[in-house]
Protein chains: 2
Amino acid sequence: MDISEKKRKAVVLLSGGLDSATALYVAKNEGFEVHALSFEYGQKHDRELQAARQTAKKAGVKSHRIVSMDIGQWGGSSLTDRNMEIENGIPGREDIPLTYVPARNMVFLSVAASFAEAIEAYDIFIGVSEVDYSGYVDCRQKFLDAMENAINNGTVCAVEQGKKITIHAPFINMKKSEEITLGMKLGVDYSDTWSCYRGGEKPCGECDSCLLRAEAFIEAGVKDPGLPPR
Amino acid sequence: MDISEKKRKAVVLLSGGLDSATALYVAKNEGFEVHALSFEYGQKHDRELQAARQTAKKAGVKSHRIVSMDIGQWGGSSLTDRNMEIENGIPGREDIPLTYVPARNMVFLSVAASFAEAIEAYDIFIGVSEVDYSGYVDCRQKFLDAMENAINNGTVCAVEQGKKITIHAPFINMKKSEEITLGMKLGVDYSDTWSCYRGGEKPCGECDSCLLRAEAFIEAGVKDPGLPPR
């Protein structure tokens, strides 16, 4: 096989939610050899990781790694802090929700950069959106630009070999409903994804993440295949 | 106690080597309440972490946490990859040594930012130097500036509350020997620190890190208290 025909590798941050699953299919559709990366960072439940495994498997990724790191140990978020309760969603809220995990996307992108450099991948995909981002500042293009710049000043591949790493955020300006429409075309099986902040047999339907998901499926005019039949 | 008298908190990245131990004492000397952060990232030996514990204890830090994260799982460095041997030091070398861990300081600084935000610290100390940095690109001021910018675009404290985080690298323009001279004044006990890339009963004296340390102590005109008596 000619080297020029070799597929380019991409690292995809895969949480198990619908955004990252869709990002994975975008990378696949663009012809990348996909290496998925998930994190066990002290979440209270592992439904998301189950979903990530299932999604990666169905998409036929080249590799899927789960990185353990206990950044949940200092709390600060209701997703990881056993002393904080996950609150119900509040439509239209403008403050930072308690589910915010300090600097989470920065940590994930840093680890993705380390992995990318090790396997000689120069593309990282992340499924964040600035449109309905729940007040998480690390989902903004401005942050991604700053992070990409840090990566390209802190890796040997970029500094010494001129091989810069690109952060792709294909949905940064997309509404979740548009994302779903795209994902359906690309073959994402949303029944494999998990969005609920709470663990359990089925999604709670009341947390911020469940509310955003439900709204997006309604707007996209698609029945959410991740919901149990009534 | 008046709130204005309360000590400011600093997060200090503490590897257990001599640079980070000295950085810890600089932070302490500047009046910060010190919260030390160490990492178990798949190193082949834990001598460094023992050293970190000892140093933190002796310095009387407010807290010391060890964060586990298996970024060593994808290899790429002789410090973490069981299939790679740690080579002897080559004085005057200019290429990137095999001990380079992809994007390590970026990952550490990201986690430090997450921790800092959670405990409301706005200062992070890291003991890197651009002068004798063994070819690690993530020890350069240019990288630290880029990383500080990423942190201040990716944390709620900085973006929403105007509380920016500062990365302090007090030795960035210092030779290791000058650092040792400073550390001796500040009371660092270098016998507690561990620099050798190889684990073992005593430092090997032959790896890159042992060579740099030996040279620095000679230049500083101080006997290295970390070496076993002959």
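A residue is called buried here if 20 or more other C-beta atoms lie within 10 Å of its own, exposed if 12 or fewer, and partly exposed in between, with C-beta atoms placed from the backbone. By that criterion, buried residues make up 52% of the 230 residues in chain A.

Good morning, colleagues. The structure above is a predicted model, in which local features need pLDDT of at least 70 and side-chain atom pairs count only at pLDDT 80 or more, while totals for chains, interfaces and linings use all residues. Residues are numbered from 1 along each chain as its sequence is written, and chains are lettered from A and ligands numbered from 1 in the order in which they are written.

I begin with chain A. Helices (H or I, at least four residues) and strands (E, at least two) are DSSP runs, numbered from the N terminus. Chain A has seven helices and five strands, and from the N terminus on these elements follow the order β-α-β-α-β-α-β-α-α-β-α-α. Two residues are in contact if their C-beta atoms, placed from the backbone, lie within 7 Å. Among the contacts in chain A between residues at least 6 apart in sequence, 70% join residues at least 24 apart.

Next, the sheet of chain A. Two strands are taken to pair if DSSP finds at least two bridges between them. Five strands of chain A form an open sheet in the order S3-S2-S1-S4-S5, with parallel pairing. Strand S3 (63–68) and strand S5 (166–168) of chain A are the edge strands, each pairing on one side only. Neighbouring strands of this sheet are turned by 25 degrees against each other on average, direction ignored; for such angles, axes are lines fitted to C-alpha atoms, for helices over the stretch in contact, and angles run from 0 to 180 degrees between N-to-C directions.

Within that sheet, strand S1 (residues 9–13) of chain A is joined to S2(A) by five bridges, and the two run parallel. Val11(A) stands opposite His35(A), and Val12(A) stands opposite Ala36(A). Is this region buried or exposed? S1(A) is mostly covered, with four of its five residues buried. Strand S2 (residues 33–40) of chain A has six of its eight residues buried, so it is largely enclosed by the rest of the structure. Turning to the sheet's other end, strand S4 (residues 123–125) of chain A is joined to S5(A) by three bridges, again in parallel, and Ile124(A) has Ile167(A) as its bridge partner. Helix H1 (residues 18–29) of chain A packs on the sheet, touching S1, S2 and S4 of chain A, and its direction makes about 170 degrees with that of S1(A). Helix H3 (residues 104–119) of chain A also packs there, touching S1, S2, S3, S4 and S5 of chain A, at about 160 degrees to the direction of S1(A).

I now turn to chain B. Its five strands form an open sheet in the order S3-S2-S1-S4-S5, and the pairing is parallel. Strand S1 (residues 9–13) and strand S2 (residues 33–40) of chain B pair in the parallel sense over five bridges, with Lys9(B) standing opposite Glu33(B).

Helix H3 (residues 104–119) of chain B has 16 residues and reaches 23 Å from its first C-alpha to its last, close to the 22 Å expected at 1.5 Å a residue, where the expected span is 1.5 Å times one less than the number of residues. H3(B) is mostly covered, with 15 of its 16 residues buried, and it lies across S1, S2, S3, strand S4 (123–125) and S5 of chain B, running at about 160 degrees to S1(B). Just after H3(B), Glu120(B) takes a positive phi of about 65 degrees.

Which residues touch the most other members of the largest nonpolar core? Of its 135 residues, they are Val12(A), Ala112(A), Val12(B) and Ala112(B); a nonpolar core is a set of buried Ala, Val, Leu, Ile, Met, Phe, Trp, Tyr and Cys residues joined through C-beta atoms within 7 Å. Not counting residues up to four places away in sequence, Val12(B) touches Ala23(B), Leu24(B), Ala27(B), Val34(B), Ala36(B), Leu37(B) and Phe125(B).

Finally, the contact between the chains. It takes 40 residues from chain B and 40 residues from chain A. On the side of chain B that touches chain A, the largest share, 11 residues, comes from H3(B).
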